Amino acid sequence: MLIELEEVTKIYNRNQINEVVALDTVNLQIDSNSMVCLRGASGSGKSTLLSIIGCVFQPTSGRVTVAGKKLSRLPDRFMTLHRRRSIGFIFQTFNILPNLTVRDNIILPLIPLGISPARMRERAWKLMDRFSITHRENFPAGQISGGELQRVAIARALIHNPPLVLADEPTAHLDSRLSEEFMHLMADLKSAGKTIIITSHDPVVTEHQAIDRIIDIKDGRIHVS
Amino acid sequence: MIGGLTKHTNILDYSLASLWRRRMKNISVLVVFSGVIFLVASFQMLTQALTETAALALRSAPEITIQKISAGRQVAVPVEYTEKLSVIFGIKDIVPRIWGYYFDEVQGANYTVMGIDARRMPLGDKLHLTLQEGTMPDSGTGGQAVVGRSVKKILEQKGGRLLSLFRPDLSLASFEVTGVFKPEIDILTDDLVVMSIDDARDLFSIPVNMATDLCVYVANQSEVTTIAKKIAALLPGTRVLTRSQISKTYQVVFGWRSGFASVCLLAALSAFVILAWDKASGLSPEEKREISILKILGWETSDILAVRFWEGFLVSGLAFVNGCTLAYIHVAFFEATLFRPVLVGWSVIHPSLHLVPSFIVSNFILIFCFSVLPYLAATVIPAWRSASVPADSALSGM
């Protein structure tokens, strides 16, 4: 088992007039080398759950264990180090820096790791080759197509070879062909031994054969389907 | 260790790329910042160079100068004072000197006219070493003068080597120009006309038994202050100036003017830093988004601060080097054209100075502290505040 959440609650703006309970005593276990989809309407709490699993922020209460490490009470610096080594993120809008070249965007997670520029280029080249974007290597990311942008985002999430890949609404801005292509790439990653968690309510994702499990979230609570 | 070094070179590389991405903005900042530092450094270097040039020129001045003061103003001093002072042990020689100002109405320029008795001066036989060309006036032969370079230029414009000056009774006294002073001592000689003491006395109609001041030469340099005190005690109503006092006066005058101008320029520098602060603290949404993405991708706050530090340091450091280099060129090769009137004076004749700025480390540290450090603070501190934003903002689609 890779991830285990026990009684996890997340409350935003606690004890204020605009207090929101985003997650309410969530218990969840996710096995390694599986592909899980967190499904729910907008505001249901799925992105919050993804952020807690990704060590972006801590739960208000409860315990999070990833690969045997208790992460729920780690200081911010150690959460950052954990993110740096173990997690690859794919964002809803990809969050690619448009003024950087494709290669420079891909190597961003490697810069603080102290890897030599030659090795960073080599790793980036392998991923660009795998995702067929080598011809765009020195293009500013702002000048490439949506499909290429998606592959750049995936390459960036994998450049440091993380065991866990988190994707937040990755197909929200893609047409059905690109969404299919994305899921095909995710299936390949799963075959390569990665654990993948995707938040989505897109049928292309939820009905994909590579998905092992769908977790429905409503009003911050998990509903077993 | 090697990984840490590689990390920092990677971050430096990222900073350089980041500067290049926003090159128009950064080049604009660099140009303005270099300009401000150039102005401040020019003043520092010019003041230093002027003070040193003045000190160099004053080395050949008499150790003590005696002037008579009446009603708070300088008046002619009786030559007979030399006999009164002969009782003071340690005085090598006392030489009367006549000097005054002559206003050339045609050119609208003030000349400083000085009459000396070179034969009685301890270094009188070496005065020709101060000349760029020609010889010193022959004391035995009247009607000769050596002039500073600006006076010579004025004469050349008139097309002659004869300097004609009016006496108080408006009769004309003419002098053949026999030499020109060296450019290295322009600060003292540029507007100077030196002639024999008799000619100067005749030109200004000063009686034979009077002089403008008395130059006292002392055998032992360490006794100058003591002898000056004895002279002051012996001759009440006189002003006794030592060479070191005159040197200090130069320093005070240049220092005051430089300080005044520096305050104005530091105000400009402060305004620039405040502007930089305002700009940096109001990070654009694009910059905030970049910081947020980097944090999600595993960059620590210190990594982001390092990027901002290098960006700020590269811009301000380059501006510092540019500004100081330009200031050196401005002072050394262009005679500090922009600021010379402020520091040297407002006379119609501006000395053409040949200044060699010296590298005083404390001056550069001062400029560094007033330019690079505030700029770094103005860029890093707001970035630190922005880097403290929650990393999750990148997850919400932004």
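Residues are numbered from 1 along each chain as its sequence is written, and chains are lettered from A, with ligands numbered from 1, in the order in which they are written. Because the model is predicted, local features need pLDDT of at least 70 and side-chain atom pairs count only at pLDDT 80 or more, while totals for chains, interfaces and linings use all residues.

Let's start with the two chains. Chain A has seven helices and ten strands, and chain B has twelve helices and 13 strands. Here helices (H or I, at least four residues) and strands (E, at least two) are DSSP runs, numbered from the N terminus. In chain A, 48% of the 225 residues are buried; in chain B, buried residues make up 36% of 398. By "buried" I mean that 20 or more other C-beta atoms lie within 10 Å of the residue's own; 12 or fewer is exposed, anything in between is partly exposed, and the C-beta atoms are placed from the backbone.

Now, contacts: two residues are in contact if their C-beta atoms, placed from the backbone, lie within 7 Å. Take the contacts with a separation of 6 or more. Residues 24 or more positions apart account for 73% of these in chain A and for 81% in chain B.

Next, a sheet in chain A. What is the order of the strands in this open sheet of four? The order is S2-S1-S4-S5, with antiparallel pairing; two strands pair if DSSP finds at least two bridges between them. S2 (20-30) and S5 (69-70) of chain A are at the edges with a single partner strand each, so one side of each has no neighbour in the sheet. Further in, S1 (residues 3-12) and S4 (residues 61-66) of chain A run antiparallel and are joined by five bridges. If you want a spot to look at, find Thr9(A), which stands opposite Ser61(A) in S4(A).

On to the inside. A nonpolar core is a set of buried Ala, Val, Leu, Ile, Met, Phe, Trp, Tyr and Cys residues joined through C-beta atoms within 7 Å. The largest one has 82 residues, and Ile106(A), Val152(A), Ala153(A), Ala155(A), Leu166(A) and Ile197(A) have the most contacts inside it. Which helix gives the largest share of this core? That is H5 (residues 146-158) of chain A, with seven residues. Not counting residues up to four places away in sequence, Val152(A) touches Ile96(A), Val102(A), Asn105(A), Ile106(A), Ile133(A) and Ala141(A). A second, separate core has 67 residues, including Phe204(B). As background, nonpolar side chains tend to be buried together in soluble globular proteins.

Phe204(B) takes us to helix H6 (residues 197-204) of chain B, whose buried residues are Ile197(B), Asp199(B), Ala200(B), Leu203(B) and Phe204(B). They sit on the same side of H6(B) because they cover an arc of only 160° around the axis, taken from the directions from the helix axis to the C-beta atoms.

How do the chains meet? The contact takes 25 residues from chain A and 26 residues from chain B. On the chain A side, H1 (46-53) and H2 (76-86) each supply at least two residues, and H2(A) gives the most, with four. That side divides into eleven nonpolar, nine polar and five charged residues. For the count, Ala, Val, Leu, Ile, Met, Phe, Trp, Tyr, Cys and Pro are nonpolar, Asp, Glu, Lys and Arg are charged, and the others, Gly among them, are polar.

Thr80(A) is in helix H2 of chain A. Beyond its neighbours within four places in sequence, Thr80(A) is in contact with Gly298(B) and Glu300(B). Thr80(A) has 24 C-beta neighbours inside 10 Å, so it counts as buried.

Last stop: two loops. Most residues other than glycine have a negative phi. Cys55(A), in the loop between H1 and S4 of chain A, has a positive phi of about 60°. Asp219(A), in the loop between S9 (213-218) and S10 (221-223) of chain A, has a positive phi near 50°. Are these residues buried or partly exposed? Cys55(A) counts as buried, with 27 C-beta neighbours inside 10 Å, whereas Asp219(A), with 14, counts as partly exposed.
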